[in-house]
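I opened the file and went through it entry by entry. My notes follow in the order I looked things up.

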Amino acid sequence: MTTIATDGRTMAADTMVNAGGYFVGSHAKIVRTLAGGIAGGCGSTIDNVLFSRFMEQGGDRPTLSDRFHGLILNADGSVDWIDERWEPIRYELPAAIGSGDGYALGAMLAGASPERAVAIAAERDLHTGREIVVLGLETVG
């Protein structure tokens, strides 16, 4: 799976892709959205690719599997959780999703940045690893 964490200003995610219990590659799991936010998805790689493409480029909303869930860091700093049904649920900050979410959330509650929180999750969660990508909300002015 993966670990994605946000504090309402930045979002961080690992890039590990595994299948059948084996590491098979790397993939950026967070993207900038058309609406000026940042979005990241967990679950199958194909779900994440479809979700990322839609959030970046728009178009027809993809059908996602019931294994998918995502976080959307809105331009105003609020965070919504979604699943394959696309019904947003507002989350409190800090927020984390994925197989290492408990480690990441605990780390952020103890003062870690989202990037450090994902790194901490990677130390314990077998499905979190490789490079960590960090994106921040862009501010005007």
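Which side chain meets Glu123 in a salt bridge? I found Arg116, at 3.6 Å from N to O. I am working with a predicted model, and I keep that in mind throughout. Glu123 is exposed, at a relative accessible area of 57%. Arg116 is partly exposed, at 42%. I also noted a network: Asp83, Glu84 and Arg85 are joined by salt bridges that share partners.

**Other salt bridges**

I searched the whole structure and got seven salt bridges. I followed up two more pairs.

The side chains of Arg32 and Glu138 form one of them, at 3.5 Å from N to O. Arg32 sits in strand β5, residues 30–32, and Glu138 in the segment after β11, so this pair ties together parts 106 residues apart in sequence. I read a relative accessible area of 33% for Arg32, which is partly exposed. Glu138 is exposed, with 61%.

Asp80 and Arg90 form another, at 2.7 Å from N to O. Here strand β8 supplies Asp80 and strand β9, residues 89–91, supplies Arg90; the two are 10 residues apart. Is Asp80 buried or exposed? At 11% relative accessibility I count Asp80 as buried, because the cut-off is under 20%. Arg90 is exposed, at 53%.

**The sheet**

I traced an open sheet of five strands in the order β5-β6-β7-β8-β9, with antiparallel pairing. β5 and β9 are the edge strands and have a single partner strand each, so one side of each lacks a neighbour in the sheet. Neighbouring strands are turned by 25 degrees against each other on average, direction ignored.

I took a closer look at one pair. β6 and β7 are joined over five bridges in the antiparallel sense. Ile38 stands opposite Leu73 in β7.

**The cores**

Both of those residues turned up again when I looked for nonpolar cores. The largest core has 15 residues. Ile38 and Leu73 are among those with the most contacts inside it, along with Ile4, Met11, Ile30, Leu71 and Ile97. I listed the elements that give two or more residues to this core: β2 (10–14), β6 (38–42), β7 (69–73), β8 (79–83), β10 (95–98) and β11 (132–136). Apart from this core lies another, of 10 residues, including Ala39, Phe54, Met55 and Leu64.

What does Leu73 touch, leaving out residues up to four places away in sequence? I got Thr6, Gly8, Arg9, Thr10, Met11, Gly37, Ile38, Ser78, Val79 and Leu137.

**Helix α3**

My last entry is on α3, residues 114–124. Its buried residues are Pro114, Ala117, Val118 and Ala121. Viewed down the axis of α3, they fall within an arc of 95 degrees, so they line one face of the helix. I recalled the general rule: an α-helix has 3.6 residues a turn, so residues three or four places apart point the same way.

What covers the buried residues of α3? I found that the cover includes β1 (3–6), β2, α2 (101–109) and β11.

Definitions and conventions
Residues numbered from 1 in each chain as written. Predicted model: local features only at pLDDT ≥ 70, side-chain atom pairs only at ≥ 80, totals over all residues. Heavy atoms only, no water. Core = buried A, V, L, I, M, F, W, Y, C linked by side-chain atoms within 4.5 Å. Buried < 20%, exposed > 50% of the residue type's maximum accessible area, 1.4 Å probe, protein only. Helix = DSSP H or I, 4+ residues; strand = E, 2+ residues; numbered from the N terminus. Contact = heavy atoms within 4.5 Å. Salt bridge = Lys/Arg side-chain N within 4 Å of Asp/Glu carboxyl O. Pairing = 2+ DSSP bridges. Axes fitted to C-alpha atoms, helices over the stretch in contact; angles between N-to-C directions. Arc of directions from axis to C-beta.
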